[in-house]
Amino acid sequence: MTAPAVNPPVARKEPTPTTLHGQTLQDDYRWMREKDSPEVIAYLEAENAYTQAAMAGTEELQAKLYKEMLSHIKETDESVPYPDHGWFFYSRTMEGSQYPVYCRRLATGPKFDEGQPEEILLDVNLLAVGQPFMAVGGMSVSPDGRLMAYSTDNTGFRQYTLKVRSLETGEDFPETAERAGSFVWAADSKTLFYTTEDEVTKRHNHLYRHTVGQPIAADVRVFDETDERFNVGVGKTRDREYLLLEAGSHTTSECRFLSAEDPEGEFRLIAPRIDDQEYSVDHRDGLFYIRTNDTGKNFRVVTAPVDVTGRENWVELIVEDKEAPLEDFDLFHSFCISSRRRFGLPTLTVIQLTDGGEIGESREIDFPEPAYTAQAHANREFETSSFRYSYQSLVSPASVYEYDVESGASTLLKRQEVPGGFDSALYGSDRVWVEAADGVKIPASVVYRKDFFKKDKSNPLYVYGYGSYGYPLPLGFSAARLALLDRGVVMAYAHIRGGGEMGDPWHDAGKMMVKWNTFSDFIAVTEQLVAQGYGAADRVAIEGGSAGGLLMGAVVNARPELFSVVLSHVPFVDVMNTMLDASLPLTVAEYEEWGNPNEAEAFAYMKSYSPYDNLKPGAYPAMLVKTSLNDSQVMYWEPAKYVARLRTLKTNGTPLLLHINMDAGHGGASGRYDYLKEIAFDYAFLLRELGVEGRT
């Protein structure tokens, strides 16, 4: 498709140079940062109008896609109820309602009793009345079950207001805390600890103690984190014995603890922070169980007595496995769960614990498919003989199982129903390993509809990537994805370096001064999937968001001819200007992921891949770039500036569209129906540009 007849907006140029290390960065569109400027709003609205004009003729396809996706969703549904100290908690959705309703019923025994009256804790649909956006940050019921703390954001800026509700009356207390983060109850059910963020940088740097019924102004500031790399969070051990105050950067952490029975006491440090060492903590029978990477990147588990917690007192319980990073560790009274990754896929091992805290018999839970996601589900009870986990894959809907620790048997509690004629047998998935430019083997997960897949280089191919922050791409089921698979699109997920599929070493191999590995890996995956017959060379679509949007910009700059269509969501594309502005949210903390451009070597390397700074005249693929006005993580002006500059440089007629959600944040629309419509819009663009509008 060529660009529409209507002309795109032309952004005014106002050169704003920045000179550092003998180099000058030229930014013609810095004025777009003025969010309250009528000129900026008018420009963004003009971009939206242009995008709507460019998408004219796809309305019927969008409606069809939306209808298809909705047909595969059970609109009235209920989650698996989970036990939590005398109650069963669950959420439910209702047909026609955008948001979930959170509920509980009294526990009369080990099994959920539907005969008990339902108590509605929070109906998010009511909170959303009159609001263009609504998100719940967190919910926590007090130990006595009478109060609930919860936080909400009504703009998308991830700026949460903390409230306390009486579950006896359903009324909220008048006191509220702004810019709240994590929160946790003390054992007395009247003391609430919560963190708050800095107003400018959005760094969570303070911990407060609140007494329910008292003015917020009377709250006691308990802790201040002064290191700008670190954020603080507060939680609780699973046995409810201790409150935990954690401080962490991207590479370093430390933890303090306080008896839940002594809310006015002082948090005690377990072990002081050491650069590039991380640890997390739980408690059992007078011992802290500590997952740490102090002796190796793949983590081990040690124990330490509560009275003497320093590193010199750590005793190894689970050794580091050089081949399988320990991603998580769940502790219960009589057993623990080690969550590892082998060859990039998650494993769950159930390990018995003796009365003295020593390792006993262990069993690994088996999973049947070549590419999948498995992880702990809601396990709130410390004294238990079972463990709940979730499982799903690219072709298998989400399921929740309960594992009996004594027998080793897993019982299916619920598999997500997918209406609309879905048959998992029609779909197949492969795990493919490709060779990167430096010889490293990179995994990719591929899904397709069997009867439409020929493996003869004729199918349209879609490749998704992220590759940052050590985040492993989850290989979950998506009902919306069926709309592409049922049209013959082969969909692939590239597990490139910078992600966490192979643990911290995989992350380290794609960040800082080796970030180019992330981009070259993605290019290699795309090229070799085409070479192996998974898709047509001239029908390749790619997608990524946030740091994955940086990936989109970098690979398009490097190899524009390789891709036909690009979907780029809230893309981090103005790397240099953002990372040189320490007043922006995330910047200083992100030095440990990208580097600090105030250092000459880092400046030169980061500039070499920054999408905004490496645009040049030439032909580019069709591109749909999406952002939100209230995004707090990647500011709206980054994609707006990127599109404005690219418009002055691209020489071919492919569409270049920018869409701004004026009422949302980093994750897009908050309501489930609105979010589906956004996906239908994206898919309509993608299918049209690939020439696959009709259903196969």
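This dialogue reads several features of the predicted model shown above.

Student: What should I keep in mind about the numbering and the model before I start?

Tutor: Residues are numbered from 1 along each chain as its sequence is written, and side-chain values use heavy atoms, with hydrogens and water left out. The model is predicted, so local features need pLDDT of at least 70 and side-chain atom pairs count only at pLDDT 80 or more, while totals for chains, interfaces and linings use all residues.

Student: Which residues have the most contacts inside the largest nonpolar core?

Tutor: In soluble globular proteins, nonpolar side chains tend to be buried together. A nonpolar core is a set of buried Ala, Val, Leu, Ile, Met, Phe, Trp, Tyr and Cys residues joined through side-chain atoms within 4.5 Å, where buried means under 20% relative accessible area, exposed over 50%, and partly exposed in between, with a 1.4 Å probe and protein chains only. Here the largest such core has 138 residues, and those with the most contacts inside it are Met-32, Leu-65, Met-69, Phe-522, Leu-529, Ile-542 and Tyr-642. Helix 12 (residues 672–690) gives the most to this core, with eleven residues; helices (H or I, at least four residues) and strands (E, at least two) are DSSP runs, numbered from the N terminus.

Student: How do helix 6 and helix 7 cross?

Tutor: Axes are lines fitted to C-alpha atoms, for helices over the stretch in contact, and angles run from 0 to 180 degrees between N-to-C directions. The axes of helix 6 (residues 516–531) and helix 7 (residues 547–558) come within 10 Å and cross at roughly 70°. That makes helix 6 roughly perpendicular to helix 7, a label for angles of 65 to 115 degrees.

Student: Which residues of helix 6 meet helix 7?

Tutor: Contact means heavy atoms within 4.5 Å. On the helix 6 side, Trp-516, Thr-518, Phe-519, Phe-522 and Ile-523 take part, and they meet Leu-550, Leu-551, Met-552, Ala-554, Val-555 and Ala-558 in helix 7.

Student: Where does Val-200 lie, and which residues does Val-200 contact?

Tutor: Val-200 is in the loop between strand 12 (191–197) and strand 13 (204–211). Leaving aside neighbours within four places in sequence, Val-200 is in contact with Ser-583 and Pro-585. Val-200 and Pro-585 are 385 residues apart in sequence, yet 6.8 Å apart in space, C-alpha to C-alpha.

Student: Which loop holds His-85, and what is its phi?

Tutor: His-85 is found in the loop between strand 4 (82–83) and strand 5 (87–93), and has a positive phi of about 50° although it is not a glycine. His-85 is partly exposed, with a relative accessible area of 33%.

Key: Angles under 35 degrees count as roughly parallel, over 145 as roughly antiparallel, 65 to 115 as roughly perpendicular and the rest as oblique.
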